[in-house]
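Okay, thanks for making time, everyone. Let me put the model up, and then we'll walk through the parts I picked out.

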Amino acid sequence: MYQTGGTIKETLEAVQQTKYVLPAIQREFVWKPEQIARLFDSLMQGYPFGTFLYWKVDAANSDKYKFYSFVCNYHERDDPHCPQLPVFHGTELTAVLDGQQRLTALNIGLCGSMAWRLPYKWKSNPNAYPERRLYLDLLADRDDADETGEKFRFEFLMEERAASKNEDECWFRVSDILGMESGPPMLDWLSDRLPQKKSTQAFKVLHHLHRVVHDQHLISYYEEKSQNLEKVLNIFIRMNSGGTVLSYSDLLLSIAVAQWSGDARKEIHDLVDELNATGEGFAFSKDLVLKAGLMLADIGSVNFQVQNFNRENMEILERRWPDVKRSLKLAVQLLAGYGFNEKTLRADSAVLPLAYYLRHRGLDEKYLSHSKYEADRAAIRTWLIRSLLKASGIWGSGLSTLLTSIRDTIKTHGSESFPARKLYEDMAKRGKSLHFAEEEIDELVEMRYGDKRLFSLLTLLFPFIDVTHHHFHVDHVFPKSRFTNAKLKKAGVPEEDFDDFKEMADSLPNLQLLEGAENVEKRASMPSTWMDGALSAPARTNYCDNHLLGEVPDTLTEFRTFYDARRDALRSRIVQLLATREADAPPPEG
């Protein structure tokens, strides 16, 4: 039977006092700032808040399970996870099975803050994550809901933005409503900031917010009193397996957590964070770590299916977890050594065969740099790049079946070296050929700037570039800024060539890898001018030969000639590096 709970204020007090907790099977907080703002708008408009599902944990059982508290001050990099709570002894608890996202949103909006990364800022930059709190604009004049259905203006703002002077805005920090009494204290607050005419409107909005938080009994819930974890888990699965409320991987993580004697949740999240901090940064997910667990621990098929996460398999995974974790970390370091990062790794799943191979052979950190493994590392790199260059997507549909097959091949043929040849053969049989037909070569030669495969292709074409120890940019040989109508006209390019030149400017024949410092130095300079100033005559000749630049003209009028010549040179090298027919033999295994 559903019951009527208390007010939002009373509920959050219970959260702060850890009377309401999260069971280990719950997922992380995933809402975005705009979703929190929309929830508060819905509450102000009187929309239904939804019903919660609580699990009443008896005092005698509170020390048998792991519990977490709700996120309050969310920091995308440093503090995104639900904090683990100490073991409770003899304490009656209420664990939230359904409604975590809503309660956390209320907790952040009314008690905490959010800090997410600013666009174009590096993850390592401490200033990239400014703290923001939820504010309500008391002067937002919306008699009716706007096109999004929102009537009240809630936003997460930095303090200086909220305090900025604008006669059409009056930002009230939502968390202040918890300690504010209605009536005169509100009027006093408004009189210090607004003229009388605007205070009346603002007071109505502020008073309404106070009633929503302090007075209205908006919380309704169903309470499950069973102390059987299996029953509670089944209820949780039924409540959250619809596909929209909880992703399937979140569901499976919940099952794994519930059946792992150690702290699986912390182990997996800590590993994801550590992997993503490798090199220049990656964006691996817990989905990938879960799949890595199945693959590297040799558990059945590499499928996201409930039966693969049974108690027996989770015992195997927990026992083999140290090896799984070590090999996955080593594989990501290998990827970083190849120059990959979040922006250049087209398919995260490509790391899994590398990790399994390292796990199968029991390799350690020496593999990353020791000369005796150089040929083996080169074989892996060539195989990896080929798989990432396929426009059809090797790492797309049928991924679990492919990974299971790759695991079998490595297990059978990969005890002494990376079995590239066998992988080429077995993948071709499964419709995942790494050979390139003529039309695929043509597509590669015209690859566009911004394509996530571009880094892979350029490192394949120019293997002498040391992407391991230097940060490289994808650079336009002839600067993109030179291809505006005005500059093309000034350079003497016929008007009928404008569109063609703009198209060619962003294609592979006009692109190269250039070290970050050199790219900054080059900026918008014409390539001939930059080389004259930065390189001696012999060095320039060597540079042009290595990068297949040929004769680099001094003016844009000759750009088409340069483009066509380099396109032909690049195509010849691509054909040389990539087999173009199924019958062609794959490259040797180092």
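To start, in which helix do Phe559 and Tyr563 both lie, and how many residues apart are they? They are both in helix H23, 4 residues apart, about one turn of the helix. Helices here are DSSP runs of H or I with at least four residues, strands are E runs of at least two, and both are numbered from the N terminus.

Quick housekeeping. This is a predicted model, so local features need pLDDT of at least 70 and side-chain atom pairs count only at pLDDT 80 or more, while totals for chains, interfaces and linings use all residues. Residues are numbered from 1 along each chain as its sequence is written, and side-chain values use heavy atoms, with hydrogens and water left out.

Rings of Phe, Tyr and Trp (its six-membered ring) pair if their centres lie within 6.5 Å; planes under 30 degrees apart are stacked, over 60 edge-to-face, and the rest tilted. By that rule there are 22 aromatic pairs. Phe483 and Phe559 make an edge-to-face one, 5.0 Å centre to centre with 65° between the planes. Phe483 sits in the loop between strand S12 (472–476) and helix H18 (485–490) and Phe559 in H23 (residues 559–577), so this pair ties together parts 76 residues apart in sequence. Phe483 is buried at 4% relative accessible area, and Phe559 is at 0%. Phe559 also pairs with Tyr563, and that one is tilted: 6.0 Å and 55°. Phe478, Phe483, Phe501, Phe559, Phe562 and Tyr563 form one aromatic cluster.

Now the cores. A nonpolar core is a set of buried Ala, Val, Leu, Ile, Met, Phe, Trp, Tyr and Cys residues joined through side-chain atoms within 4.5 Å. The largest has 143 residues, and Leu138, Phe340, Trp383 and Trp395 touch the most other members. Helix H11 (residues 311–337) gives the most to this core, 12 residues. Apart from it lies another core, of 21 residues, including Leu514, Met526, Phe559 and Tyr563.

Next, H10, residues 286–296. Here 10 of the 11 residues are buried, so the helix is largely enclosed by the rest of the structure. Among the buried ones are Lys286 and Lys291. Then comes Asp298, in the loop between H10 and H11. Asp298 has a positive phi of about 55° although it is not a glycine, and it is partly exposed, at 32%. Most residues other than glycine have a negative phi. Thr18 also takes a positive phi of about 55°; it is in the loop between helix H1 (8–16) and strand S2 (20–23).

Last stop: charges over rings, meaning NZ of Lys or CZ of Arg within 6 Å of the ring centre and within 35 degrees of the ring normal. Arg132 lies over the face of Trp116, at 4.0 Å from the ring centre. Lys343 does that with Trp122, at 4.8 Å.

That's the tour, so let's hear what you'd like to look at again.

Terms used: Buried < 20%, exposed > 50% of the residue type's maximum accessible area, 1.4 Å probe, protein only.
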